[in-house]
Amino acid sequence: MNTFIYGTGNPAKLVHMKQMLAPLDVKIIGLQETGIAIPEADESGSTPLENARIKALTYYSVLKHPVFACDSGLYIDGLPDDEQPGVHVRRVNGKWLSDSEMVAHYAAVAKRLGGRAVARYRNAICLIMRDGEIYEYFAENIASNSFYIVDTPHEKRVEGFPLDCLSVDIQTGEYYYNTAESRSGDDSGQTNGFRAFFERVLENGGGNKPQTKEVPAMRKVLFDRRSPCLQPVLDAICRHNHRTLVLWALEYAQELTCRFEERYAQETRPRAALEAARAWSRGAIKMPQAQQAILAAHRAAAELEDDRVYCALAHAVGQAVSTVHVETHAIGGPMYALTALALTGGQEAVQAECTHICERLAFWENADTGGQPWAAFLLREKPNKEQLLRDREREQ
């Protein structure tokens, strides 16, 4: 039996994960069961996948045992982009909310939107088997079904799942607590998605032998924020403002798209994601529309599971164009692009790519962009979140 450590201290989430994976030949234990002092992970990512990765890397650095972390983001129809909870479900205006405070806050949001609003959780998982072997998954089949968040809470509460008491089934109009399952356990599709993730990892060796084949539909990357060759790139990303990074990232995504199309000219989803991101940066479309195109590019990558190089390139496009959302996405494009190069050109090609990236970032820093149209959210002056993430990591 394979033992995996689930990076959570939330008893309800641990029980839920054990239930989902019960049919598999795995043992799931929580952080507290390890008996090891674990540093608190800095969940400063801007997407569920980024936070899952940050947590998994933090826990693995101490445990050195197969460990996985999950994260989710809440998205509510009717809220503008800059008010979407996303990964900051518990943090509102800089304050960490208790369960009861979350109920009060989101009940007020529902009331503001007419008494109820359609919502959905998007989930991600990052599993680290050993040094250099990381599996990530962020797809629709591990997302929750859509449901209503309402302004009147149910009297029942479950610690760790505070919003269940505000969750109503769209089809029946019933609180989930009045049906057979709660919001945290009603999604059979989500259960199947998580189960399939672990089945594929187990097929790949389960951590007991070297990896022998690519795991389908998962993002296996050979580089991360700690990779030495990426430190100059991260230094450059931290120096620039968001708009400069967007200009560079869109240009880089164009390069990556052209590389991808050399083999898969008929696959249009990466280019569609690039065009959507360009429109998003100008304010011509909103985040949900751009997100759909970006997720489609990642689905295109997942469908190329047998072609590791071009799978990585498609993911690289999706990551690069997501820089429009937040600076911490900027490094994602290079991570996947370098993975593609490492599989074909070796270390010299990787180093040359890093040099090229730094040179183009320097170009855009000094470019005259006075006539460039920008979406309103990109005109706001704010701290570079990649730099903030780096500062927090150094403090730990």
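1. Helices and strands in these notes are DSSP runs, numbered from the N terminus, a helix having at least four residues and a strand at least two. On that numbering, T323 sits in the loop between α9 and α10. The model is a predicted one.

2. T323 has a relative accessibility of 0% and is therefore buried, the cut-off being under 20%. Leaving out residues up to four places away in sequence, T323 touches H242, L245, V246, A249, H329 and A330. A249 also takes part on the α6 side of the contact with α9, which is taken up in point 4.

3. The axes of α9 (residues 308-321) and α10 (residues 332-342) come within 7 Å and cross at roughly 170°. Since angles over 145 degrees count as roughly antiparallel, α9 is roughly antiparallel to α10. The crossing of α9 past α10 is left-handed. On the α9 side the contact is made by V309, A312, L313, H315, A316, Q319 and A320, and on the α10 side by G332, G333, Y336, A337, T339 and A340. Sorted by class, the contact of α9 with α10 has 8 nonpolar residues, 5 polar ones and no charged ones.

4. α9 also packs against helix α6 (residues 242-261), at an angle of about 160° and with the axes 9 Å apart. α6 and α9 are therefore roughly antiparallel to each other. α6 passes α9 in a left-handed crossing. From α6 the contact takes A249, L250, A253, L256, T257, R259 and F260; from α9 it takes Y310, L313, A314, A316, V317, A320 and V321. By class, the contact of α6 with α9 comprises 12 nonpolar residues, 1 polar and 1 charged.

5. How do α7 and α8 pack, and at what angle do they cross? The axes of helix α7 (residues 269-282) and helix α8 (residues 287-302) come within 8 Å, with a crossing angle of roughly 160°. This pair is therefore roughly antiparallel as well. α7 passes α8 in a left-handed crossing. The α7 residues in the contact are R269, P270, A272, A273, A276 and W280, and those of α8 are M287, A290, A293, I294, A296, A297, R299 and A300. The contact of α7 with α8 has 12 nonpolar and 2 charged residues, and no polar ones.

6. The structure holds 12 aromatic pairs. In one of them, F4 with F198, the ring centres are 5.4 Å apart and the planes stand at 75°, so the pair is edge-to-face. The pair joins distant parts of the chain: F4 belongs to strand β1 (residues 2-6) and F198 to helix α4 (residues 188-203), 194 residues apart. F4 has a relative accessible area of 0% and is therefore buried. F198 also has a relative accessible area of 0%, so F198 is buried. Both belong to one aromatic cluster, formed by F4, Y6, F68, Y137, F197 and F198.

7. I128 is placed in strand β6 (residues 116-130). Is I128 buried or exposed? With 2% relative accessibility, I128 counts as buried. I128 and V67 are 61 residues apart in sequence, while their C-alpha atoms are 5.6 Å apart in space. Apart from neighbours within four places in sequence, I128 is in contact with A56, L57, Y60, H65, P66, V67, E133 and I134.

8. Most residues other than glycine have a negative phi. The phi of K64 is near 50°, a positive value in a residue other than glycine. K64 is found in the loop between α2 (48-63) and β3 (67-76).

9. L222 lies in the loop between α4 and α5 (231-239). Its relative accessibility is 32%, so L222 counts as partly exposed. Neighbours within four places in sequence aside, L222 is in contact with T339, A342 and L343. L222 and R116 are 106 residues apart in sequence and 44 Å apart in space, C-alpha to C-alpha.

How values were computed. Residues numbered from 1 in each chain as written. Predicted model: local features only at pLDDT ≥ 70, side-chain atom pairs only at ≥ 80, totals over all residues. Heavy atoms only, no water. Axes fitted to C-alpha atoms, helices over the stretch in contact; angles between N-to-C directions. Parallel < 35°, antiparallel > 145°, perpendicular 65-115°, else oblique. Left-handed = near helix turned anticlockwise from the far one by under 90°. Contact = heavy atoms within 4.5 Å. Nonpolar A, V, L, I, M, F, W, Y, C, P; charged D, E, K, R; others polar. Phe/Tyr/Trp six-rings, centres within 6.5 Å; stacked < 30°, edge-to-face > 60°. Buried < 20%, exposed > 50% of the residue type's maximum accessible area, 1.4 Å probe, protein only.
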